[in-house]
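Dear colleague,

I am handing over the structure below, and my notes on one part of it follow. Please read them with the model open beside you.

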Amino acid sequence: MSNGLNGIVKAWEAKLKKSRKAAKRRANSIFTAMSVAHVDDDDILPVDLSDVETSFPNGDIYTGQWASSSAAHGHGKYLWADGHMYIGDWRNGRITGTGKFIWPSGATYEGSFKNGHLDGEGIYTAAATDDFYRGSFICNVKHGKGSQNYPSGDHYEGHFRRNLPDGKGRYKWKNGNQYIGHWRRGGMNGNGTMIWANGNRYDGTWENGLPRGNGTYRWVDGSFYVGIWSKDQDDQSGTYYPSDPQSGVFEWDPQEVYSVGLTDCRVSKCEEISVFPSDMSVDWASDEDECGGEMMRRGGSEGCSLGSESDLSFDCGSGSLEMGAGVKWEEGSARADESEKSRGVGGTARNHILIKPTKKQGLTISKGHKNYELMLNLQLGIRHAVGRPAPTTSLDLKSSAFDPRDKVWTRFPRLGSKHTPPHQSCEFRWKDYCPLVFRALRKLFKVDPADYMISICGNDALRELSSPGKSGSFFYLTNDDRYMIKTMKKSEAKQVLIRMLSAYYNHVRASENTLVTKFFGLHCVKMTGPAQKKVRFVIMGNLFCTEYAIHRRFDLKGSSHGRLTEKPESEIEPTTTLKDLDLNFIFRLHKSWFQEFCSQVDKDCDFLEQERIMDYSLLVGIHFRDMSHSGQPLNISENRTPVGSADQNIEGAQTATLGSNIPARAELTVRKNNGEAQLVGEPTGEYYDVILVFGIIDILQDYDISKKLEHAYKSFQYDPSSISAVDPKQYSKRFRDFIYKIFTQDS
C-alpha cells in the first residue's frame, strides 16, 4: 500500500515539475524580445534523437527521426492506413517545415507546412487533371501571389485571396483571350484590360466580370469607341472615333461585347482539396496531453481565420499575422525586430516612425461645390480637344508649332454647336495653347488619347486638394490619381512655360528617363457673365501614381531656411509633405541605378539652369516594404546584401524605371545637437528596405525681379546660402551637392 502511495506521489511530483518548466518557457516567450521567426513554445529541440520504424495499432506506420519526448521530430515519413502519406520535417509530433504530402488519388503538395497546415510557398498538383498551383498558402488557403493552371487549359498568374483571384493578375484563356488587371472574389473587378485573340481590346473599369463605367474599345485598325459602359443599354453612352476621319459612318452596337465577345471568357474552377494534412490524426504511443493522439487534429482549423474582407488574421498554433484595412503589408514580411527609435532634428528622438493608413487626397468636387461648373467646363474642353480628329502626329515639329500665338479658341454654348455637344454647365470659351506641341508630348510620353480622356473626362469627378500651394495655385487630381491639374498665373503660363516650351520639348525628347515634370496640356477656360473670369491650367503627370502606398514624402531643395515642418510624429500623415530638415534618411541605390540617377540629375539641372529656372525641388516618396503589426517600419541588418539591381524586378511590382518603383535601402540618420541647422544627419547603421518614387517638380519659377528682390531682402536677415531664392547657377550647384549627399551608391 505504501509502495503504491509512493508511486502516486512521485508521479504527481514529476507532473508538477513538468508543468513548472512549461510555465517558465511561456513566461520567457512573453518577456523576451521577438526574434525574426516565430518559435513555438514546444519547439525547443529535444536532447536525444533516434531513428525508428514504428507501426501503430490503427495500421499507421512512421519511419524516421524520433525524439526523447516520444514523438516524431526531424525528418520522417508517416503512412496512414487509408493511403495518405507525408514525407518531410516534423517538430514535436507536428508536421512543420518542408515536406511532401501525397493523397491516395495521386495528388501531391510539396512545400512549406506549419502545424499540419499548408502554409508558405508550395506546389499543389492534382491527380487526373491539369490542375496545378504554385504559390503562397496561408492555413490551407491559396492566399498571396501564385499561378494556377486550370483543368480547362486556362492559366492565371497574380494574387489570390481565399482561394480566388483577388488583387492584380493576368488570366489567359485556352482560346487566346486574356485579361490583365484587378480582380475581386474571383471575378474581373476594377481597372483592367481584355485583349481578344483577334487583337481587339477593351480598357476600362469592370464590375462582377463585365465592363461597367468608363472604358474604351479598340479595333486593330486604330479606331476606338470611348464612353460609359453598362449591360443595361439605357445606361450606356459613348462616341466612336474612326482611324480614318474620311471613313464615314460606322454602325456598331457596344452590347455585342456582352452578348458575343465575353461569352468565351468564363473563369474556370479548380479541383477542391477534400482532406488536408491538418485534418489527419496521428497516433503517437504517448500521453495525449503531450504531443500524441489528437494533436494534429487539434491543430486543424482551430485559431485559423482569414477574417473579413478588409482584414486578414490567423494563428496556426503559435504564429500570428494580421493585416488591417488601409495598411499595405508586403508578402513575406515576417520580421519582428522592430527599430527602437527614429531620430530627428538635433539628435532628439522622434519616437517610433509610425505609418498611418493611407487615404485618398482631396475633396471630391460634387454638385454645389464652388468649382463644379469649372470642372465640367474643363472636362468638356479636354474631351473636345483630345478627341477631335487630327492627322497623325509627328515628333518632328516645325518652329511655328511653338509660336505663342498658336492657340485655338472654341465656344461652348449650352445648346451645343456644330463642333461641340450640348451640356448642363454655363456657356464658356475654351483655349488650347500650342496644341500640336502638347499632342506630340503626349505621344512622346506614351499617353494613350482614350485613356487620357477617360482619366480626366470620365464619369468620375476630380478631387480638389485641401489647400492651395505656396504660389496660390489650386491643384486637382483625377480619380485614378494619374494626372494632376494646376491652375496657373498668366506670367507662369506665357512668360515661363510657353517661353521655354521648345527647349523643354527637345530636352524630354533627348532624355527618355528625365526626372522633370511631365506636361500634357496647357489650356484656358473663359467663363461668361459679368466677371468674364479666365482660368489657366496645366495638366501634369502625378508622380505618386503607383501601386505602392506612399508612407513618407519629402520636398527637398538643398536649402535650410524655413525647411522644417516642426510636426511631431503623431501628427504626420502619409500625405504630409516634409522638408529638408525633416529628412532623416540617406538613400542607398544599386550601382547601376545610382549612376543613371546622377547622370540624369546633371542633365536636368543643366537644362533648368540654361532656362534660368530656380526654386525647384526633388519630390521623394518612400514605401517601407517591411512593417510591424502596429504600423512601424522594420529595420534590417546593416550587412544585408544590397537590393535592386538594374535587371531585378520586385515581386509583384510594376516595372522599375528611373524615378519610379526603385528598390533601395534607406539608412536612418541623426543630426548633431550643436545649435546649427545640419542638412544631412550622421548615419546610424540602421537600414530599411524601401521602394522610392521621385522626380523634379516646380520647374516654372524663373529668376525674375520678384525673386531677385526676395534674395536681396532675405540676405540681410539670414545666411544667403541658406535661402531658396538664389541665382539659377548657384541654385543648381547647391541642389546637386545636397542630392548627391542623400543619394549614394550601395556598396
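The buried residues of helix 7 pack against strand 22 (428-433), strand 25, helix 8 (501-510), strand 26 and strand 27, where contact means heavy atoms within 4.5 Å, and where helices (H or I, at least four residues) and strands (E, at least two) are DSSP runs numbered from the N terminus. This is a predicted model, in which local features need pLDDT of at least 70 and side-chain atom pairs count only at pLDDT 80 or more, while totals for chains, interfaces and linings use all residues. Residues are numbered from 1 along each chain as its sequence is written, and side-chain values use heavy atoms, leaving out hydrogens and water.

In helix 7 (residues 490-498), the buried residues are Glu-492, Ala-493, Val-496, Leu-497 and Ile-498, buried meaning under 20% relative accessible area with a 1.4 Å probe and protein chains only. Seen down the helix 7 axis, these residues fall within an arc of 155°, so they line one face of the helix; the arc is that of the directions from the helix axis to the C-beta atoms.

Strand 27 (residues 534-541) has six of its eight residues buried, so it is largely enclosed by the rest of the structure. Strand 25 (residues 483-488) runs antiparallel to strand 27 and is joined to it by six bridges, with Thr-487 having Phe-537 as its bridge partner. Seven bridges join strand 26 (residues 519-527) to strand 27, also antiparallel, and there Lys-526 stands opposite Lys-534; two strands pair if DSSP finds at least two bridges between them.

Best wishes

Key: Buried means under 20% relative accessible area, exposed over 50%, partly exposed in between (1.4 Å probe, protein chains only).
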